[in-house]
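Please view the sequence and the structure below before reading on.

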Amino acid sequence: MLDSAPSTEADTRTRLLDASGPVFAARGYDRATVREICTAAGVNIAAVGYHFGDKLGLYRELIRQVREARQRQFPTPNHDAGDPAQTLSRIVHTLMSRILAADPSGWESQLMIREMQSPTAVFPDIVLEYFKPLHDRLIETISALIQDPTVPDHVIQNLALSVVGQCAHYKLGAEVIEILIPANVRKTHFNVDSLSRHITAVTLAAIRSEEVIRPQIEP
């Protein structure tokens, strides 16, 4: 839920944020117009400039609130030095939850997918403030699992990005999966818990396999 406040000005600000989400999600940043958003919010067109500076300022604040709400709901797991495999499991589950969790708003997931597919000026902030903490924890955990200082950084980075790619596939490829996999199978075996266990198991197998690690190390 977006921020709210009791004052009239704060109410106008909140109405703009609430109205802009579905518009940006449906039309994308470039095609969405300030007039359309203000009409949906029932406020004067000058309100965007007053509260946010311009359309980009409104969009940036909307993305920030969506991102922070998702981070509060699914925080980056702490690293367990004594059990990095368990940490990996929690990281994968967090990532899958952020990607596949139910979206009561009906537009937040679509908004973030649009931003990933057609990045705007706010995209670097999303990467650094939303993705990087979880990515860094994933790198740290994979390094702890490998326990081999001779393995180059790029191998660890590839393994981490492979985890992210597997998780993202179930969102970006959802329409294909719906055609290929029967509904009863998806319901039982393609939920967040089941998919997290699968991706964790595959990743642990890759990390422990000389056939996966060694060919990536240049002689």
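The sections below describe the basis of the model and then its salt bridges.

## Basis of the model

This is a predicted model, in which local features need pLDDT of at least 70, side-chain atom pairs count only at pLDDT 80 or more, and totals for chains, interfaces and linings use all residues. Residues are numbered from 1 along each chain as its sequence is written, and side-chain values use heavy atoms, with hydrogens and water left out.

The whole structure contains 9 salt bridges, each defined as a side-chain nitrogen of Lys or Arg within 4 Å of a carboxyl oxygen of Asp or Glu. One of them links Arg 15 with Asp 11 at 3.5 Å, N to O. Both residues belong to helix H1 (residues 8–31) and stand 4 residues apart, about one turn of the helix. Helices are DSSP runs (H or I, at least four residues), numbered from the N terminus.

Arg 15 is partly exposed at 34% relative accessible area; this term covers values between buried (under 20%) and exposed (over 50%), with a 1.4 Å probe and protein chains only.

## A link between helices H7 and H4

Asp 125 and Arg 60 form a salt bridge of 2.8 Å, N to O. Asp 125 lies in helix H7 (residues 123–146) and Arg 60 in helix H4 (residues 55–73), so the pair ties together parts 65 residues apart in sequence.

Arg 64 and Glu 61 meet in a salt bridge at 2.5 Å, N to O. They are 3 residues apart in helix H4, about one helical turn. Arg 64 is partly exposed at 26%, whereas Glu 61 is buried at 12%. Salt bridges with shared partners join Arg 13, Glu 61, Arg 64 and Glu 68 into one network.

Key. Helices (H or I, at least four residues) and strands (E, at least two) are DSSP runs, numbered from the N terminus.
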